[in-house]
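Student: I'd like to learn how to read salt bridges and helix packing from a set of coordinates. Can we work through an example together?

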Amino acid sequence: MFDATTILAYKGKNKAVIGGDGQVTFGDSVLKGNATKIRTLGKGKILAGFAGSTADAFNLFDMFEEFLEHKKGDLLKSVIEFSKAWRKDKVLRRLEAMMIVLNNDHIFILTGNGDVVEPEDGEIASIGSGGNYAISAARALKKHTQLDEEELVKESLSVAADLCIYTNHNIKTLSLEEKN
């Protein structure tokens, strides 16, 4: 895990949501508190979040967007081809970075090691230093509350921010239109 951020994604029954905190750290110092680590891709049909360095994030987001365009927005085909390219690139594969990408049908965690992981439950994924706190909170809230997808993500990230020193309460979310 990275001492950099917390990203949480939830592919619920009604919509897909991704959220992230805004803290950027360098060692034991906070450099910025309001960074945006999530983005929409694929003409607004894909959500993505990143844990790792900001410069690397921009490169990987742009690279993934190219794969989405080449595969005509097919998320499954795009993540497979992207992971192969990320793993084969001598510079990119040394990045200490992870991504979550999702749409209303799929959710994946991607790494420079070539990993393409679809969560066992197919619904909730997290990365970053506060990821384990956020996913634990999300699973509990999903089981014991009636929160909608966006509120569940926000509340779970708030729990992570209370526990992880590399995560703050400047939480941002993005969501895809509700499923029909």
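Student: Let's start with one side chain: is Lys154 buried, partly exposed or exposed?

Tutor: Before that, keep in mind that this is a predicted model. The general idea is that "buried" is kept for residues under 20% relative accessible area and "exposed" for those over 50%. Lys154 comes out at 31% relative accessibility, so that residue counts as partly exposed.

Student: What does the Lys154 side chain pair with in a salt bridge?

Tutor: With Glu150, at 3.8 Å from N to O.

Student: How many salt bridges does the structure hold?

Tutor: Six. One of them joins the side chains of Asp21 and Lys37, with 3.4 Å from N to O. Asp21 is in the loop between β2 (16-20) and β3 (24-26), while Lys37 is in the loop between β4 (29-32) and β5 (38-41), so the bridge ties together parts 16 residues apart in sequence.

Student: And are Asp21 and Lys37 buried or exposed?

Tutor: Asp21 is buried, at a relative accessible area of 1%. Lys37 is counted as buried as well, at 12% relative accessibility.

Student: Which residue does Asp62 bridge to?

Tutor: Arg39, and the closest N and O atoms there are 3.7 Å apart. Asp62 belongs to helix α1 (residues 54-70) and Arg39 to strand β5, so this pair ties together parts 23 residues apart in sequence. For accessibility, Asp62 is partly exposed at 44%, and Arg39 is partly exposed at 25%.

Student: Now the packing. At what angle do α1 and α2 cross?

Tutor: For a helix pair, check the axis approach, the angle and the hand. The axes of α1 and helix α2 (residues 75-88) come within 9 Å and cross at roughly 130 degrees. That makes α1 oblique to α2, and the crossing is right-handed.

Student: Which residues make that contact?

Tutor: From α1 you have Leu60, Met63, Phe64, Phe67 and Leu68; α2 brings Leu75, Ser78, Val79, Glu81, Phe82, Ala85 and Trp86. Sorted by class, the contact of α1 with α2 has 10 nonpolar residues, one polar and one charged.

Terms used
Residues are numbered from 1 along each chain as its sequence is written. This is a predicted model: local features need pLDDT of at least 70, side-chain atom pairs count only at pLDDT 80 or more; totals for chains, interfaces and linings use all residues. Side-chain values use heavy atoms; hydrogens and water are left out. A salt bridge is a side-chain nitrogen of Lys or Arg within 4 Å of a carboxyl oxygen of Asp or Glu. Helices (H or I, at least four residues) and strands (E, at least two) are DSSP runs, numbered from the N terminus. Buried means under 20% relative accessible area, exposed over 50%, partly exposed in between (1.4 Å probe, protein chains only). Axes are lines fitted to C-alpha atoms, for helices over the stretch in contact, and angles run from 0 to 180 degrees between N-to-C directions. Angles under 35 degrees count as roughly parallel, over 145 as roughly antiparallel, 65 to 115 as roughly perpendicular and the rest as oblique. A crossing is left-handed if the near helix is turned anticlockwise from the far one by less than a right angle, and right-handed if clockwise. Contact means heavy atoms within 4.5 Å. Ala, Val, Leu, Ile, Met, Phe, Trp, Tyr, Cys and Pro count as nonpolar, Asp, Glu, Lys and Arg as charged, and the others, Gly among them, as polar.
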